[in-house]
Amino acid sequence: MRVLLASAELSPLVKAGGLGDAVAGLRGALIRAGLDVETVIPDYRGWRLDKSEPQPLDVPEWAAPASAHRGRMADGSRLTLIDVPEIRRPHPYDDTEGHAFPDNDQRFMAFAAAVAALAEMDPPDILHLNDWHTGPILGFLDEPPPSILTIHNLAYQGRINGGWLDDLPHRADAYEWFGDLNPLSGAIALADRVTTVSPTFASEIVVDGNGFGLEEPLRNRGSALVGILNGLDTEVWNPANDRLLDHSFGLGQLDGKAHLRAELVDRLGWHLDGPLISMVTRITDQKGIDIALSVVPYLDGIGARFALLGSGDAALAAEARALATAHADRFTFLEGYDEQMAHLLFAGADLYLMPSRFEPCGLTQMQAMRYGTIPVTSAVGGLVDTVVDDDLSRGHGTGFLAHDVSPTGLVDALHRAVRAWRSPRRRSGIQRRGMTIDWSWDVAAREYLALYESLTQ
Ligand code: ADP
């Protein structure tokens, strides 16, 4: 089966967020499953692939000249780089100040037109689109192949001036959105299947107020909207062989985790007398940072210590800094992006906090479980699909869920988690169950493959 997998990002070549990792993980697992996958991304930097020559693509005048460099990566897998006017930039979307380029709409419309021309020239069995950048592709195709749209981020929709609707030769009506052109709503309407990156998120976004304005087009798709949980890169996130950690550990041999806990406590300048809580995150409203910070005054009563690693929103970061000064013996704020410290926080902590307001999938709760760190999370999106509450499941859980996404809800879940953690028998049961789950992309790839097969048979 030939799959054309179109994306604006592909790790490690180009990654601005989770999209690059997810597409890379899925692509690798589909190739391992024996599929012929051609990944197609914009040629942002004029990469050298191999000696193959770029092929010209038949695109509308405003997107010309366009070409496809169809080559292979070092591992032999297929990668196609699309060159269109103005696509070459050091960063896919933003200037050095972090502001979006003003011509992103035109750049990705041209990319989409070029991918459509490629699909027309050499039709795949499945056309798999990812996020808004690839949304217009279906509007450029007269007879699209069976198609899937995966929504990684519903908040970004690439909405642009309605004048562009005249440049979409097919089904412009599907893209019309309150006078504008919305690449994501159009693809939601036209793709044969629409997927989100967790099942619970798929069911949440059809409810008014939860779908970033796209609730109705999403509802219209009925059972064609499905959720498939993202996987983890289980080579990078492997406690038995983690190049960023000084000790390794695994199920039934947690000595290494105890050493890493001691190392972490030492680096934080604390001493051990209760559970150690960690959190590794972008500092944004979505991640419930304010809710996490609201537990700081209760840490004394709980007998816990809390280390937060993150960067982002300036006001929330200032709040975290102030709390860290006022409660220095219980709370520390490590400001920045630090992969090595992130691995140590997942491995060395006892509990992991994640009170997200919404969560399309979420990776850090899985990373915590893989390292035997018990997650305490809100009950939204992918967190519901990955964390089983140990109280509600009567001892079959992998963590604790706060059903009320609020300070009191989180403090309650944290109290329950600490109680379980203080019981060696309960603690090791929760750790064992979390550590044995297979979070690999192979699991997700099997579900995508079943979806592809359902569309091609
Ligand atoms: P997001 O919504 O930010 O994509 P996820 O939980 O899906 O949230 O994934 C975030 C990824 O980024 C995880 O692998 C996490 O370890 C990493 N990460 C987030 N913040 C930091 C940080 N400050 N330092 C190091 N790694 C981080």
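Biologist: Hi! How many cavities of 30 Å³ or more are there?
Modeller: Hello! The count comes to three cavities of 30 Å³ or more. Keep in mind that this is a predicted model.

Biologist: Noted. How much space lies in the largest cavity?
Modeller: About 50 Å³.

Biologist: And which residues line the largest cavity?
Modeller: There is a run from Trp 270 through His 271, Leu 272, Asp 273, Gly 274 and Pro 275 to Leu 276. Val 265 is in the lining too, along with Gly 303, Ala 304 and Arg 305.

Biologist: How do the residues of that lining divide by class?
Modeller: The lining of the largest cavity has six nonpolar, three polar and two charged residues.

Biologist: Which elements give two or more residues to its lining?
Modeller: Those are helix H7 (255–268) and helix H15 (424–436). H15 supplies the largest share, with four residues.

Biologist: New topic, Arg 221. Where is Arg 221 found?
Modeller: Arg 221 is in the loop that runs between helix H6 (215–220) and strand S11 (225–227).

Biologist: Is Arg 221 buried or exposed?
Modeller: Arg 221 is buried, and yet it has no salt bridge.

Biologist: Which side chain of opposite charge is nearest, then?
Modeller: That would be Asp 192, 5.9 Å away. A salt bridge needs a side-chain nitrogen within 4 Å of a carboxyl oxygen.

Biologist: What is Arg 221 in contact with, leaving aside neighbours within four places in sequence?
Modeller: Its contacts are Ile 188, Ala 189, Leu 190, Ala 191, Asp 192 and Val 194. So Asp 192 does count as a contact, since contact means heavy atoms within 4.5 Å.

Biologist: One more residue: where does Ala 417 lie?
Modeller: Ala 417 lies in helix H14, residues 407–422.

Biologist: Why is Ala 417 called buried?
Modeller: Because its relative accessible area is 0%, and buried means under 20%.

Biologist: What does Ala 417 touch, not counting residues up to four places away?
Modeller: Ala 417 touches Leu 351, Val 376 and Phe 400.

Biologist: And how are Ala 417 and Leu 214 separated?
Modeller: Their C-alpha atoms are separated by 36 Å, and the two residues are 203 residues apart along the chain.

Notes. Residues are numbered from 1 along each chain as its sequence is written. This is a predicted model: local features need pLDDT of at least 70, side-chain atom pairs count only at pLDDT 80 or more; totals for chains, interfaces and linings use all residues. Side-chain values use heavy atoms; hydrogens and water are left out. Buried means under 20% relative accessible area, exposed over 50%, partly exposed in between (1.4 Å probe, protein chains only). Lys and Arg count as positive and Asp and Glu as negative; His and the chain ends are not counted. On a 1 Å grid over the protein atoms alone, a cavity is a set of points where a 1.4 Å probe fits but cannot get out, and a pocket is an open set with protein on both sides within 12 Å along at least five of seven lines; lining residues have an atom within 4 Å of a point. Grid points are joined across faces, edges and corners, and a volume is the space filled by probe spheres set on the points. Ala, Val, Leu, Ile, Met, Phe, Trp, Tyr, Cys and Pro count as nonpolar, Asp, Glu, Lys and Arg as charged, and the others, Gly among them, as polar.
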